[in-house]
Amino acid sequence: MTDMHMNNSVHTIPTQFLSESALVNAVKQKLVAEKGFATPRDIKMVITQQLESETNEILADIYRQTLAFLFSGNKAQSWTGVTQR
């Protein structure tokens, strides 16, 4: 029996959307609210923790793709450096 909802295609988020994604921005805002700043390392750690506890396959895939972008060494201006209140 074949599941109509499953296929072998892979969907990827275009790189230009990853650095300014709602996910990255929400994590930045949360960290700034809690600690007063957000470093790239902090952002990666929070998203990694979210991925580890995520049960929704679609959200987990978004977290994986975002982490792959952040760990790729891509120096997108929008997420590197320290953000402060």
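1. Start with helix α2, residues 22-35, in this predicted model. The helix has 14 residues. At 1.5 Å a residue they should span 20 Å.

2. Which residues of α2 are buried? They are L23, V24, V27, K28, L31 and V32. These residues cover an arc of only 160° around the axis, which means they sit on the same side of α2.

3. The face of α2 turned away from the buried side carries exposed residues: A22, Q29 and A33.

4. Look just past the helix. G36 follows α2, and its phi is positive, near 90°.

5. Next, the core. The largest nonpolar core has 13 residues. Those with the most contacts inside it are L23, V27, L31, I43, I47 and L70. The most comes from α2, with five residues.

6. Take V27 as a case to follow in the structure. Residues up to four places away in sequence are not counted here. V27 then touches I43, V46, I47 and Q50.

7. Finally, check D42, in helix α3. Is D42 buried or exposed? Its relative accessibility is 11%. Buried means under 20%, so D42 counts as buried. The D42 side chain has a polar contact of 2.8 Å with the side chain of K35. Leaving aside neighbours within four places in sequence, D42 is in contact with L31, K35 and F37.

How values were computed. Residues numbered from 1 in each chain as written. Predicted model: local features only at pLDDT ≥ 70, side-chain atom pairs only at ≥ 80, totals over all residues. Heavy atoms only, no water. Helix = DSSP H or I, 4+ residues; strand = E, 2+ residues; numbered from the N terminus. Expected span 1.5 Å × (residues − 1). Buried < 20%, exposed > 50% of the residue type's maximum accessible area, 1.4 Å probe, protein only. Arc of directions from axis to C-beta. Core = buried A, V, L, I, M, F, W, Y, C linked by side-chain atoms within 4.5 Å. Contact = heavy atoms within 4.5 Å. Polar contact = N/O pair within 3.5 Å; in protein donor to acceptor, adjacent residues only side chain to side chain.
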